[in-house]
Amino acid sequence: MTLLTTDTKSAPRARDKTPDRRGKVRLREHVMGWLFVGPFGIVFLALLIAPLAYALYLSLFQKKLIGGTSFVLFDNYVKAFTDPSFLSGSWFVIRFSLVSIPLQIIVALAMALILDTVTSLFTRFSRLMIFLPYAIPTVIGAVMWGFLYSKSFGPLTDLFGLFGATPPDFLSGNLIFYGLVNVVTWQWAGYYMIILYAALQGIDPALYEAARMDGAGRWQIALRIKIPLIAPALLLILVFSLIGTLQFFNEPQILRSLAAGTIGPDFTPNMYAYQQAFALANFNYGSAISFALGGIVFVGVYAFLFLTRKRRTFL
Amino acid sequence: MNNKRLLTAAAVLAAATTLAACSSGGGGGGGGTASGGGGGASNCTNTIPKKNLPTVTMWGWYPNMQLVVDNFNKQNAEVQVCWTNVGQGSDEYDKFQTAISAGTGAPDVIMIEMDRIPTFQIQKALVDIKKFGFDAVKADYGPGAWKDVSIGDAVYGVPVDGGPMAMIYRKDIFDKYDIKPPKTWAEYEQAAQKMKDAGGPQFGDFAANVSALTMALQIQKGASPFTYDPAQQSTIGIKLNDQASKDVLDYWGNLAKKGLVGTQDQFTPEYISGVINGKYATYISAAWAPGYLTGAGVGKGEDTGKFAVAPLPQWDPANPVQVNWGGSAFSVTSQAKNPELAAKVAYGLYADKESLTDGWTNQIIFPLNLKALNDPEFINLKVAFFGGQQANKEVYVPAASAYKGMTYSPFGQYYFDAMTKQVSAIIDGSVTGAQAADKLQEDVAAYAKEQGFTVQ
């Protein structure tokens, strides 16, 4: 209502004085800008900033079964960074990132390069098949792998049985790490492949033509032209996968009930936060863990972006 | 002109969004009261037959809950139950816990396992229902059942089913290896060794995820993990590393180490399939276990008569001790709008003959209501799952009547999680049972102190 009145009033006067008119136009553009941002802004504030602020607020308190709630400032954070459960969980996701992310990206890159080079009837079909695991919800994917790994139902027992050997138990304490690496790679490599493939498709074919005229082979084209040109896409999926892996939750949470005792409630920091908040009713400490994890993710991603920014390209 | 129209459109849109946001907030609550006819009774799983009566909301997960609720609603002229199944065990507790923390969203009446009552009571989430008609039903349940739902003089639930423990075993496998059901834990170990030497399957299972079972087995040997005076709730006695507790953990740890028993988590497809395929010769569990197995298709068709049940092995056969695993009650929550009406539901639900009979004939519950417990039909029932064995008369009823009740901790979830961690460590061989008990004591005592308790 108010906006409209200002608008009609300003209209006749604006015709007389040019400087004033310019100011009004600028104001109008200002208001228009905010109105365009408005719908997003409201959702952003209500669904992201407000819950974050509330969680931060919660994390500064401590609630005890006996004695009630008290303000403790950063005590929960001090506790988190000295809590063996949180530290070992964080160390696990960091190790997991170091192994699983390079693996996923190498697989995705190799498949994208192959699909980009080979043109046959099967290209489209293969692309779909490689992408398919991503279309399966993570929960269902994890349950499925749980059964594949199972000693009673899984095919591994039969396969190894043919040679009279015992199959590796990917749900046991020693091998659960690799069992999870496999599940995550299976699920995400196809998705990253599509991103890289799309980036490859965006390269001007004239460049290949020119390279070939200069005597470059297929390998040289791939390594010297294609990969450097899709470096921004590689950077993007690296950041995606880093954030996703540090917040690891779904797969271990689902496999917990299938992997006898090898996955505890504090297996990853996110699972630990979930257990604290929803099983032990300790929302304060759960929030503190979430924020501490957020801090680790931020530091990790920032450090990574800083390192890659200097060289401009990925390789 | 064009600009102006856009501006108007944007302003109208903004106003509309705000209005919509307001109406959805207010409308949700209004719709809820309008459709249910009672407080918050908008989305019941059951249909309420007498719509003019006040309603009480309830969460529960018994497999025959629908029938039980319908029976109650049909027979009651004062109040109607609006039932929702929000999940079994910890799924429900997590939701209840969240509702307690939020201060809103809990039902009026809730089904909880008896070992969780102190956990919720200490958060003042449950109502003492003694003044709401306890005397009228007091005689319907034994003293052990009442002890499990009481804290001091206050009563925080109405018992429904219990979990007297016994040893379920594979009759066919026992016969094949010529083994008699062991009467003591020493005999149990000898039988397990004999079966292994003869190339038989594993004798039982030592699982990390069934802390309540491990605790019951420790109590059988004389442990009393928690002691506290309800009048002085801030002081608690924690004794998780006494000799009895250590002995029981060492006993099972050694069986696992020697490969006599498996170490599979229970209630998993892996474990159930193991039980079905005869991978385990015995299954130490409670009276509700057969119902759980029949649900998975065990004991029917080709399997008929393969299972039998014997009393739980003892440490000292001269002084047998019976223990309990699980069993649930109906409690009234402190968020109930009308606690008196809610208590009527808690007392009356699953207490009518029709519901109880359905429960025990289908082996969904081992009833604690004496009307069913003393019913000759119940006592003499030839249980199909056990090949016609009179399991109630021979095993479960004596076990239930000898059960004396126990004291549970007010931080059950934490204690059970910590126990799971330690049992996992015993299984992977990094600690002995005795060391695990010491670590558990340290862990749980530290948690209790952190939560503001004085630990004795």
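Analyst: By definition, two strands count as paired if DSSP finds at least two bridges between them. Strands (E, at least two residues) and helices (H or I, at least four residues) are DSSP runs, numbered from the N terminus. The model is predicted, so local features require pLDDT of at least 70 and side-chain atom pairs count only at pLDDT 80 or more, while totals for chains, interfaces and linings use all residues. Residues are numbered from 1 along each chain as its sequence is written, chains are lettered from A and ligands numbered from 1 in the order in which they are written, and side-chain values use heavy atoms, leaving out hydrogens and water.

User: In which sense do β6(B) and strand β12 of chain B run, parallel or antiparallel?

Analyst: β6(B) and β12(B), the latter covering residues 307-311, run antiparallel and are joined by five bridges. Within this pairing, Val309(B) of β12(B) is opposite Ile168(B). Ile168(B) also stands opposite Tyr283(B) in β11(B); β11(B), residues 282-286, pairs with β6(B) in the antiparallel sense over five bridges.

User: Which residue of β13(B) is the bridge partner of Pro159(B)?

Analyst: The partner is Ala329(B). Strand β13(B) spans residues 324-332 and pairs with β6(B) through five bridges in the antiparallel sense. Strand β14(B), residues 366-367, is likewise antiparallel to β6(B), over two bridges, with Pro367(B) opposite Asp161(B).

User: How is an aromatic pair to be read, and how many does the structure hold?

Analyst: A pair of aromatic rings is described by the distance of the centres and the angle of the planes. Rings of Phe, Tyr and Trp (its six-membered ring) pair if their centres lie within 6.5 Å; planes under 30 degrees apart are stacked, over 60 edge-to-face, and the rest tilted. Over all chains there are 60 aromatic pairs. One of them joins Phe81(A) and Phe86(A) edge-to-face, at 5.5 Å centre to centre and 90 degrees between the planes. Phe81(A) is partly exposed, at 43% relative accessible area, whereas Phe86(A) is buried, at 0%.

User: Where do Phe226(B) and Phe411(B) lie?

Analyst: Phe226(B) belongs to strand β8(B), residues 226-227, and Phe411(B) to the loop between α17 (391-402) and α18 (412-427) of chain B, so their pair ties together parts 185 residues apart in sequence. The pair is edge-to-face, with 5.9 Å between centres and 85 degrees between planes, and both residues are buried. Elsewhere, ring pairs link a cluster that includes Tyr169(B), Trp185(B), Tyr251(B) and Trp315(B).

User: Which residue lies over the face of Tyr285(A)?

Analyst: A charge sits over a ring if NZ of Lys or CZ of Arg is within 6 Å of the ring centre and within 35 degrees of the ring normal. Over Tyr285(A) lies Lys79(A), 3.8 Å from the ring centre. Lys226(A) places its charged end over the ring of Tyr208(A), 5.2 Å from the centre.

User: Where in chain A is confidence lowest, and where is it highest?

Analyst: Confidence is given by pLDDT, the predictor's value for each residue, from 0 to 100. The mean for chain A is 84, and 91% of its residues reach 70 or more. Helix α1(A), residues 2-16, has the lowest mean, 46, and helix α8(A), residues 176-201, the highest, 92. Where pLDDT is low, the predicted coordinates should not be read in detail.

Conventions
Buried < 20%, exposed > 50% of the residue type's maximum accessible area, 1.4 Å probe, protein only.
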